[in-house]
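Dear colleague,

Please find the structure below, followed by a summary of the findings.

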Amino acid sequence: MSKHSALAATVWSAAAVLGVGAGMAAISAVGTGITERGVKPMTPDEVDAALAVPATPPGPPPSAAPSPSAPPRRDPPRPAPTVTVTRQVTTAITNLASEAGDIVARCDRGAAFLVSWTPAQNFSVGASNRTPPGAVFVRFQSSTRFVTMTVTCRADRPSAAVGVDRRDGDPRSQYPHRHFPGRG
């Protein structure tokens with residue numbers, strides 16, 4: 001063994017001994033209590049004596065009690081919280097589902113808005129318009145068809161019209177040339 005290896009082994013061993021010793025000292029200090037104030041169990045006689053003493057209600061100490069003729073002290077009343085309504089909200093949020101995916105939509109003053117959408121398995125989102133002006137819609141697409149969900153508001157509740165267009169190779173039936181919301 002070389003001098004450097006022997007020195008490294010000695011230093012490592014000394015560090016390990018010091019580390020273990022420091023850990024044991026810390027565990028010992030925590031085990032006996034850092035403040036040396038241990039909790040001594042009560043004897044049955046001490047328990048009976050403690051239970052015989054009447055409980056004192058919470059409040060000021062007896063030396064600071066007001067005189068019997070003085071009215072009881074009360075905390076000052078807190079002001080009532082105030083609420084300011086800046087706009088009447090009549091938004092209804094609705095989940096609208098189709099074979100191609102789901103839409104979460106809301107209505108605000110008769111206008112439809114899309115909150116979120118999730119395509120179904122084997123579908124992706126081809127196009128969308130989240131807010132007015134124009135039609136509010138999501139077009140889901142798969143390898144065989146396009147499914148468009150157009151959202152409108154009826155009685156301030158979201159409603160969806162679902163249109164399906166198949167990809168069959170006929171250029172006249174290819175989406176988006178037909179049934180594209182908001183366009184000819």
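Which residue lies over the face of F113, and at what distance from the ring centre? R106 does, at 4.6 Å from the centre of the F113 ring; a charge sits over a ring if NZ of Lys or CZ of Arg is within 6 Å of the ring centre and within 35 degrees of the ring normal.

This is a predicted model, in which local features need pLDDT of at least 70, side-chain atom pairs count only at pLDDT 80 or more, and totals for chains, interfaces and linings use all residues. Residues are numbered from 1 along each chain as its sequence is written, and side-chain values use heavy atoms, with hydrogens and water left out.

The protein chain has 2 helices and 7 strands (DSSP runs numbered from the N terminus: H or I of at least four residues for helices, E of at least two for strands). Their order from the N terminus is α-α-β-β-β-β-β-β-β.

Of the 184 residues in the protein chain, 18% are buried (under 20% relative accessible area, with a 1.4 Å probe and protein chains only). Among contacts (heavy atoms within 4.5 Å) between residues at least 6 apart in sequence, 30% join residues at least 24 apart.

S98 is found in the loop between β1 (92-97) and β2 (101-108). S98 counts as buried because its relative accessibility is 18%. Leaving aside residues up to four places away in sequence, S98 touches V147, M149 and V162.

Yours sincerely

How values were computed. Buried < 20%, exposed > 50% of the residue type's maximum accessible area, 1.4 Å probe, protein only.
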